[in-house]
Amino acid sequence: MLNYKGRQIPETLEEIIAPGHTALVVHEILNDFCADGGAFDKMGMKIDVSGILKPVAALLDEARRQEVRIIYVRYTHHADNADYSDPVIAKYWDSLQKPD
């Protein structure tokens, strides 16, 4: 570990992945995306998550056991869609022109 002006800077893989400064980021693991009757199911987009749920649960259990921070994040956007990128606007142009 390097020490520089009061900061500890990891050098080895073991130091880099130490739980004290490591986090597991869990992105968009939402039941509503894949559950029967959920948002995607209602749109006719059935998502099969049967192969990923157990491994994700095991990863979370091990991260907790190792005292690794777990961060759950979710994508959201502005109600007026001002954060949409140009390609997204182009893709959904027709529906964006007809607000609910």
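Arginine 65 and glutamate 62 are 3 residues apart in helix α4, which places about one helical turn between them; helices here (H or I, at least four residues) and strands (E, at least two) are DSSP runs, numbered from the N terminus. The model is a predicted one, in which local features need pLDDT of at least 70 and side-chain atom pairs count only at pLDDT 80 or more, while totals for chains, interfaces and linings use all residues. Residues are numbered from 1 along each chain as its sequence is written, and side-chain values use heavy atoms, with hydrogens and water left out.

The structure holds 3 salt bridges, a salt bridge being a side-chain nitrogen of Lys or Arg within 4 Å of a carboxyl oxygen of Asp or Glu. They are set out below.

| Lysine 46 | Aspartate 36 | 2.4 Å |

Arginine 64 and aspartate 61, by contrast, are 3 residues apart within helix α4, separated by about one helical turn.

Aspartate 36, at 66%, counts as exposed, as does arginine 65 at 59%, whereas arginine 64 is partly exposed at 46% and glutamate 62 is partly exposed at 34%.

Glutamate 15, in helix α1 (residues 13-16), is buried yet has no salt bridge, the nearest side chain of opposite charge, that of arginine 7, being 13 Å away; Lys and Arg count as positive and Asp and Glu as negative, with His and the chain ends not counted. A polar atom of the glutamate 15 side chain does lie 2.7 Å from the backbone nitrogen of glutamate 11. Beyond its neighbours within four places in sequence, glutamate 15 is in contact (heavy atoms within 4.5 Å) with Met1, Pro10 and His21.

Tyrosine 75 lies in the loop between β4 (69-73) and α5 (86-91) and is partly exposed, with a relative accessible area of 48%. Leaving aside neighbours within four places in sequence, tyrosine 75 is in contact with His27, Glu28, Asp83 and Tyr84, and its side chain is joined to that of aspartate 83 by a polar contact of 3.4 Å. A polar contact is a pair of N or O atoms within 3.5 Å; within protein, one must be able to donate a hydrogen and the other to accept it, and residues adjacent in sequence count only if both atoms are side-chain atoms.

Conventions. Buried means under 20% relative accessible area, exposed over 50%, partly exposed in between (1.4 Å probe, protein chains only).
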